[in-house]
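Hi everyone, thanks for coming. I'd like to walk you through one model today, going from the overall layout down to a few individual residues.

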Amino acid sequence: MAARSLWAVQRLQRLLASGAVSESRGWLHPFSTATQRTAGEDCSSEDPPDGLGPSLAEQALRLKAVKLEKEVQDLTLRYQRAVADCENIRRRTQRCVEDAKIFGIQSFCKDLVEVADILEKTAECFSDGAEPQDHKLTLEKVFQGLSLLEAKLKSVFTKHGLEKMAPIGDKYDPHEHELICHMPAGVGVQPGTVALVRQDGYKLHGRTIRLAQVEVAVESQRRL
């Protein structure tokens, strides 16, 4: 539309200029019938054809629209891929967490199997087929087996960060000790400290997993 307007203005200027020249030379008046007919014929002959394409501005807008549409399609595809990748990562992470829950103690169980082997071999010493004269030898084997079993258990516990607490003489701590009862403080035993352990407590990597059942020393009340 802008191009056609510009063309019409330029055409009108040329017609006015040609009319002024004709009047100065004594030719036909610029507004005579012949002049108007000639101008009309010239206008009809020089009019731009109706089949011309869109203006440059419209073409630029169309090209920009096509470019933006392509960018939108590209971004949509990238977004869909990102969502699919996040879903795959979430599923893999969930599967790893489930596997960790199931097989997290696999190494510990493997070490306990060796302890079970020692205990089984020790129990075989009490089989019904043993002769009475072999009782002393049997007891010796049982003692050796139990000693080996205890040493193996301590090794397994140390390997996996399981530690037995020895709180005798320590100050009573409700986060580590379970108070069973009080007992009078004796010689060398300070009031408020652990005097006797009824059941051992355990820590796993520094965290208490079982409280130690203890008796705590208190000052004895004097009778009046």
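Before we count anything, a word on what counts: helices here are DSSP runs of H or I with at least four residues, strands are runs of E with at least two, and both are numbered from the N terminus. Please also keep in mind that this is a predicted model.

With that in hand, the protein chain has five helices and six strands. If you take the contacts with a separation of 6 or more, residues 24 or more positions apart account for 65% of them.

Let's begin with the helices. Two packed helices are described by the angle between their axes and the distance between the axes. For helix α4, residues 106-123, and helix α5, residues 135-159, the axes come within 9 Å and cross at roughly 175°. Angles over 145 degrees count as roughly antiparallel, and that makes α4 roughly antiparallel to α5. Which residues of α4 meet α5? They are Phe-108, Asp-111, Leu-112, Glu-114, Val-115, Ile-118, Leu-119 and Thr-122. On the α5 side, the partners include Val-142, Leu-146, Leu-149, Leu-153, Val-156 and Phe-157, along with Gly-145 and Lys-152. By class, the contact of α4 with α5 has 12 nonpolar, two polar and four charged residues.

Now for the strands. Strands of a sheet pair through backbone hydrogen bonds, either parallel or antiparallel. Please look at the open sheet of three strands in the order β1-β4-β5, where the pairing is antiparallel. Its edge strands are β1 (162-164) and β5 (207-210), each of which pairs on one side only. From one strand to the next, the twist averages 35°.

Going through the pairs, β1 is joined to β4, residues 202-204, by three bridges, and these two strands run antiparallel. In that pairing, Lys-164 stands opposite Tyr-202 in β4. Tyr-202 also has a bridge partner in β5, namely Arg-210. β4 and β5 themselves pair in the antiparallel sense over three bridges. The hairpin of β4 and β5 has two residues between the strands, and in this hairpin His-205 takes a positive phi near 55°.

The other sheet I want to show is also open and has three strands, in the order β2-β6-β3, but here the pairing is mixed. The edge strands are β2 and β3, each pairing on one side only. Neighbouring strands of this sheet are turned by 30° against each other on average, direction ignored.

Where does the mixed pairing come from? On one side, seven bridges join strand β2 (residues 177-184) to β6, and these run parallel; there, Pro-184 stands opposite Val-218 in β6.

Is β6 enclosed or open to the outside? Five of the seven residues of β6 are buried, so it is largely enclosed by the rest of the structure.

The largest nonpolar core has six residues: Met-165, Val-194, Val-197, Ala-212, Val-214 and Val-216. Two elements give two or more residues to this core, β3 (194-199) and β6 (212-218). β6 gives the most, with three residues.

Val-197 lies in strand β3. Leaving aside residues up to four places away in sequence, Val-197 touches Pro-167, Ile-168, Gln-213 and Val-214. Val-197 and Val-216 are 19 residues apart in sequence, and their C-alpha atoms are 9.1 Å apart in space.

And what does Ala-212 touch, not counting residues up to four places away in sequence? Its contacts are Met-165, Pro-167, Glu-176, His-177, Glu-178, Gln-199, Asp-200 and Gly-201.

That's my tour, and I'm happy to go back to any of these views.

Definitions and conventions:
Residues are numbered from 1 along each chain as its sequence is written. This is a predicted model: local features need pLDDT of at least 70, side-chain atom pairs count only at pLDDT 80 or more; totals for chains, interfaces and linings use all residues. Side-chain values use heavy atoms; hydrogens and water are left out. A nonpolar core is a set of buried Ala, Val, Leu, Ile, Met, Phe, Trp, Tyr and Cys residues joined through side-chain atoms within 4.5 Å. Buried means under 20% relative accessible area, exposed over 50%, partly exposed in between (1.4 Å probe, protein chains only). Contact means heavy atoms within 4.5 Å. Two strands pair if DSSP finds at least two bridges between them. Axes are lines fitted to C-alpha atoms, for helices over the stretch in contact, and angles run from 0 to 180 degrees between N-to-C directions. Angles under 35 degrees count as roughly parallel, over 145 as roughly antiparallel, 65 to 115 as roughly perpendicular and the rest as oblique. Ala, Val, Leu, Ile, Met, Phe, Trp, Tyr, Cys and Pro count as nonpolar, Asp, Glu, Lys and Arg as charged, and the others, Gly among them, as polar.
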